[in-house]
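Please look over the sequence and the structure before reading on.

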Amino acid sequence: MAPDHEGQPIRTVIEDRIAILTIDRPARKNALSVAAANGLTRTWRELESNDRVGVIVLTSADCGVFSAGLDLKEAKELAESEGVDILTRMEDPFHTVMRSVTKPIIAAMTGSAMAGGMLLSLNCDIRIGLAGTSAGITEARIGRGSPWAAPLLWMLPQPTLSEMLLTGEPVPIERLRDLGFVNYVEPTPDRVRARAYDIASRILLGAPLSLKAAKASMAAWQNLGCQAGFEEAVRLHEEVYRSRDASEGPRAFAERRAPRWEGR
């Protein structure tokens, strides 16, 4: 197994407006240490403000686990040495900054996603899984909690979510695909990442303002309900319809060429 790069648990590479964000702690099953969690928070903010980034792919170093969630070994050490809970050392323990990112995020899950790993996956807009793996909300088995699971009521059937929360047992990734939580399941980690990169490339064909409004509208529908969500989505799209890109799209179609998006 590759050594754990504790000095740099989060790596980012930007290629063709796609940011590949990698959790790089394979020796610890890509678990979220304080350094890794705070590194993610910092990176989400950086990528959100980076005009060279249009789509983000979240993945992890290959070890059979996308992320095991909270680093329980570090949690034990902090409790014993300092008498504090590990979450108090994390700037954003429930990854709310990730949920506020306006750019599309694709999860390239090259292994199982447990606890905090499941949290990271549900915060993504599109999910690609690895065949033969699973995902679970295991907090009840270790005396922790999962208030972050609230959005899953809009993503999974309530009986399935109840079973996951109450038993702590993992669910095969293929079942989660069949339930619509996972978009695709691929046979190898490389195929998982390739699928994610292909989807990211296709997303970038769209107009930037339209993409931003589409993602924000989905959050509004979920948070506000049907009627209020619809009204908020109309407001969110006002900038889209006033933009130069709104005229460029039909013009490019009529001229049978690729559109030249300005993002304004």
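A residue counts as buried under 20% relative accessible area, as exposed over 50%, and as partly exposed in between. The model discussed here is predicted.

By that scale Glu232 is partly exposed, because its relative accessible area is 23%. Its salt-bridge partner is Arg235, with 2.7 Å between N and O. Arg235 is also partly exposed, at 46%. Both residues belong to helix H9 (residues 226–236), where a spacing of three residues puts them about one helical turn apart. Salt bridges with shared partners also tie Glu248, Arg251, Glu255 and Arg257 into one network.

The structure has 21 salt bridges in total. Three of them are listed below.

| Salt bridge | N to O distance |
|---|---|
| Glu91 and Arg45 | 2.6 Å |
| Asp198 and Arg202 | 3.1 Å |
| Glu232 and Arg235 | 2.7 Å |

The bridge between Glu91 and Arg45 has its closest N and O atoms 2.6 Å apart. This pair connects distant parts of the chain, 46 residues apart: Arg45 sits in helix H1 (residues 34–49), and Glu91 in the loop between helix H2 (72–82) and helix H3 (96–99). Arg45 has a relative accessible area of 43% and is therefore partly exposed.

Asp198 and Arg202, by contrast, lie four residues apart within helix H7 (residues 189–203), about one turn of the helix. Asp198 is partly exposed at 38% relative accessibility, and Arg202 is partly exposed at 45%.

Asp245 is part of helix H11 (residues 245–254). A polar atom of the Asp245 side chain lies 2.9 Å from the backbone nitrogen of Gly263. Leaving aside residues up to four places away in sequence, Asp245 touches Ala207, Pro208, Arg260, Trp261, Glu262, Gly263 and Arg264.

The sheet is open and contains four strands in the order S4-S6-S8-S9, with mixed pairing. Strands S4 (64–67) and S9 (171–172) are at the edges; each has a single partner strand, so one side of each lacks a neighbour in the sheet. S4 pairs with strand S6 (residues 111–114) in the parallel sense, over three bridges. Within this pairing, Ser67 is opposite Ala113 in S6.

Terms used. Residues are numbered from 1 along each chain as its sequence is written. This is a predicted model: local features need pLDDT of at least 70, side-chain atom pairs count only at pLDDT 80 or more; totals for chains, interfaces and linings use all residues. Side-chain values use heavy atoms; hydrogens and water are left out. Helices (H or I, at least four residues) and strands (E, at least two) are DSSP runs, numbered from the N terminus. A polar contact is a pair of N or O atoms within 3.5 Å; within protein, one must be able to donate a hydrogen and the other to accept it, and residues adjacent in sequence count only if both atoms are side-chain atoms. Contact means heavy atoms within 4.5 Å. Two strands pair if DSSP finds at least two bridges between them. A salt bridge is a side-chain nitrogen of Lys or Arg within 4 Å of a carboxyl oxygen of Asp or Glu. Buried means under 20% relative accessible area, exposed over 50%, partly exposed in between (1.4 Å probe, protein chains only).
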